[in-house]
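Biologist: I have a structure to go through with you. Let us take each label in turn and ask what backs it.

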Amino acid sequence: MSTTLVIICTNTTISFFRKYIRKDIRILVYMMIISVVVSCMEILIYAYLFNLYNFLGIFISLIVTNCIVLGRVNAMATKQSLLFSLLDVVYIGMGSCIVIFILGFVREILDIAMWVSGIERLFSH
């Protein structure tokens, strides 16, 4: 049911905006729309169907990951040389790691209670 709802939402959104999406960034825009809809679906499942969320776990997030992989393949591997495609993969991988690190760091700083939890153990004898 969630897959059907995701497809309905993404197809409706893409059909509505397709005249305004440039052809050269079409796949990127599609990936972003799909990622947003899947992320919203994941939040809804987490909020209202927690047992299902625990059962599906990482599989929901893998939809977004597969979208990103498909987009990169379409943008690079099908249109560029092998060397350029491999360099793109390295740069995308490094960039993704840096972004994830920064997001994690910011989340830890914003969640001060979690960041300093257990600090009292440093001062106990």
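Modeller: Start with a term. A pocket is an open set of grid points with protein on both sides within 12 Å along at least five of seven lines. The second largest pocket holds about 190 Å³ of space. Keep in mind that this is a predicted model.

Biologist: Which residues line the second largest pocket?

Modeller: A lining residue has an atom within 4 Å of a point. The lining of the second largest pocket consists of K23, D24, I25, R26, I27, L28, M31, G71, R72, N74, A75 and K79. Helices α2 and α4 each supply at least two residues of that lining.

Biologist: How do the residues of that lining divide into nonpolar, polar and charged?

Modeller: Five are nonpolar, two are polar and five are charged. Asp, Glu, Lys and Arg count as charged.

Biologist: And what about the largest pocket? How much space lies in it?

Modeller: About 680 Å³. It is lined by 21 residues, and the closest to its centre are I68, I92, S96, V99 and I100. Its lining divides into 13 nonpolar, five polar and three charged residues.

Biologist: Which helix gives the most to the lining of the largest pocket?

Modeller: That is α5, with eleven residues. Helices α2, α4 and α5 (82-110) each supply at least two.

Biologist: How do you know that the length of α2 agrees with its number of residues?

Modeller: Compare two values. The 23 residues of α2 should span 33 Å at 1.5 Å a residue. The end C-alpha atoms of α2 are 33 Å apart, so the two agree.

Biologist: Which residues of α2 are buried?

Modeller: They are M31, I33, S35, V37, V38, M41, E42 and I45. Their cover includes α1, α3 (50-56) and α4.

Biologist: What makes a set of residues a nonpolar core?

Modeller: Its members are buried residues of the nonpolar kinds, joined through side-chain atoms within 4.5 Å. The largest such core here has nine residues: V6, I14, I33, V37, V38, M41, I45, I60 and V64. Helices α1 (2-17), α2 (26-48) and α4 (58-77) each give two or more residues to this core. The largest share, five residues, comes from α2.

Biologist: Which residues is V38 in contact with, leaving aside its neighbours within four places in sequence?

Modeller: V6, I60, I63 and V64. In soluble globular proteins, nonpolar side chains tend to be buried together.

Biologist: Last, the whole protein. How many helices and strands does the secondary structure come to?

Modeller: Six helices and zero strands. The pattern along the sequence is α-α-α-α-α-α. Of the 125 residues, 16% count as buried. Among contacts between residues at least 6 apart in sequence, 45% join residues at least 24 apart.

Definitions and conventions:
Residues are numbered from 1 along each chain as its sequence is written. This is a predicted model: local features need pLDDT of at least 70, side-chain atom pairs count only at pLDDT 80 or more; totals for chains, interfaces and linings use all residues. Side-chain values use heavy atoms; hydrogens and water are left out. Buried means under 20% relative accessible area, exposed over 50%, partly exposed in between (1.4 Å probe, protein chains only). Helices (H or I, at least four residues) and strands (E, at least two) are DSSP runs, numbered from the N terminus. Contact means heavy atoms within 4.5 Å. The expected span of a helix is 1.5 Å times one less than its number of residues. On a 1 Å grid over the protein atoms alone, a cavity is a set of points where a 1.4 Å probe fits but cannot get out, and a pocket is an open set with protein on both sides within 12 Å along at least five of seven lines; lining residues have an atom within 4 Å of a point. Grid points are joined across faces, edges and corners, and a volume is the space filled by probe spheres set on the points.
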